[in-house]
Amino acid sequence: MTLIISKTPIINKLPIVMAISALLTACQSLPQLTEQSSQIKVTTDNVRQTHPYEQSVLTNGLTIVTKTDRRSPIAMTQVWYKVGSDDEPIGKGGMSHFLEHMMFKDNAHLKRTDYNRLIAEFGGQNNAFTSNTHTAYYELFPASYYPLAMQMEAFRMRDLHLKDEEVATEKEVIKEERRLRVDDNPLSKAYEEFSKLSQPDSPKSRPVIGSMQDIDNLTTQDLQNWYDTYYAPNNATLVVVGDVSHDEVVTAAKRYFGNKKPADIPQRKLPRQASHQGYRHAITHQSVKVPSLMMAFNVPTLTTSDKTTTYALSLFQYILDGDMSSYFERVLVREKQLFSRISVSYDSYEMGDGLFFIEGVPAHSVSLQDAENAILQVIENAKNTPITDDEMQRISTSLISALTFTQDSISTQAQMIGGLGIWGYLLTVMTNYLMK
């Protein structure tokens, strides 16, 4: 699939061309990776694992994962709910994101003003985020106050009662957020159209924030039903990373979450998208000053394919755009000077089928068709050029270094654990790769 922003100006608006291609096959020539995964056995309360992180499950289904990091006296507390835009019915887009906003309103135990006061008084930080697969909430506190974060999250797990007037007010806030992030952002608007074209059979084609029409149509009862259905302990993962003890975290979790009753959670489905759709493209016009090109291939992930394929795709992404020696940077930017900027992304841990996504800005006077052809030629050359042992060693070392330095932040550590825990077995698959 390709998304191209043309260079021909139309009253300061440049056209965008979109196209879709078949499954990327370059990974077939890559060497196989060795799997080194550990098995995690989880039963009931206080089950200890011999890993850099520890995991327990309360009798009501709440999963607790901790990772001790005593480099500084702080702790990140996160609660991840297994619900996102992929779970939303057609016509109710943006419900998960809307509810995320409403979670900061009054609940049966705590006023929103008190919540904000407590965060400030004890030197904390807090926020939340929604994706197509999850909704998560977090607090960063001095380590001795992490139980306060757990208590506040427990208050709003099952005891939020929405009010019509608050929903109406927040709806306008969310609509303005959409205008700012999407409607007034040319590339975001283009990517939204691109997603519909690239994954037409997948819920990933719908924006997480929802369309303006869907946001308008959501009611208080819609949001309350969504909350009552998914915000339950057996649909949540509590992650605490920092200067903490696993046993003490579990004890506190029992105190604050132990009385929360589990719910009957609908079974989730992995979003799928046929790989071989054939080449597709379209044109749109946005108010941009320079042309851009977006291209993607429909590919599997760890949840829809074997590990060798997805690890090979991850390595191939790094070969194309991992460092200054990568093919795109070396050939397209420095040697041929066809692009001023180009990047590649692929998330092998994504839930369901995903995209191998390429985005770049062609150099001045380079046509978008020539830019697209140049990308395809580099990929074709890479497919037919054996990777040397030295290249594999450099790539592997760089990837491991990137993962290691990424975990310098306890926030990022918690993010990685929570993200992998949305589909529990991924914690098992990635233990030795990410949790070292």
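Helix α13 (residues 410-421) lies across β4, β5, β6, β7 and β8 and runs at about 20° to β5. Angles here run from 0 to 180 degrees between N-to-C directions, with axes fitted as lines to C-alpha atoms, for helices over the stretch in contact; contact means heavy atoms within 4.5 Å. Helices (H or I, at least four residues) and strands (E, at least two) are DSSP runs numbered from the N terminus.

The model is predicted: local features need pLDDT of at least 70 and side-chain atom pairs count only at pLDDT 80 or more, while totals for chains, interfaces and linings use all residues. Residues are numbered from 1 along each chain as its sequence is written, and side-chain values use heavy atoms, with hydrogens and water left out.

**Sheet**

- Six strands form an open sheet with mixed pairing, in the order β3-β4-β8-β5-β7-β6; two strands pair if DSSP finds at least two bridges between them.
- Its edge strands, β3 (53-57) and β6 (125-130), each pair on one side only.
- On average, neighbouring strands of the sheet are turned by 15° against each other, direction ignored.
- Five bridges join β3 and β4 (residues 63-68) in the antiparallel sense.
- Glutamine 55 has valine 65, in β4, as its bridge partner.
- Helix α1 lies across β6 and β7 (135-142), at about 165° to β6.

**Nonpolar cores**

- A nonpolar core is a set of buried Ala, Val, Leu, Ile, Met, Phe, Trp, Tyr and Cys residues joined through side-chain atoms within 4.5 Å; buried means under 20% relative accessible area, exposed over 50%, and partly exposed in between (1.4 Å probe, protein chains only).
- The largest nonpolar core has 41 residues, and Tyr231, Leu238 and Phe257 have the most contacts inside it.
- Two or more residues of this core come from each of β5 (74-81), α1 (95-102), α3 (146-158), α4 (164-183), α7 (220-230), β8 (236-242) and α8 (246-257).
- Helix α8 gives the largest share of this core, six residues.
- Another core, of 34 residues, lies apart from it and includes Leu293, Ile319, Leu332 and Phe356.
- Leaving out residues up to four places away in sequence, tyrosine 231 touches, among others, Tyr81, Leu99, Tyr137, Met157 and Trp226.

**Proline 207**

- Proline 207 sits in the loop between α5 (186-198) and α6 (212-217).
- Proline 207 is buried because its relative accessible area is 18%.
- Beyond its neighbours within four places in sequence, proline 207 is in contact with Arg178 and Glu192.
- Valine 182 is 25 residues from proline 207 in sequence, and their C-alpha atoms are 9.7 Å apart.
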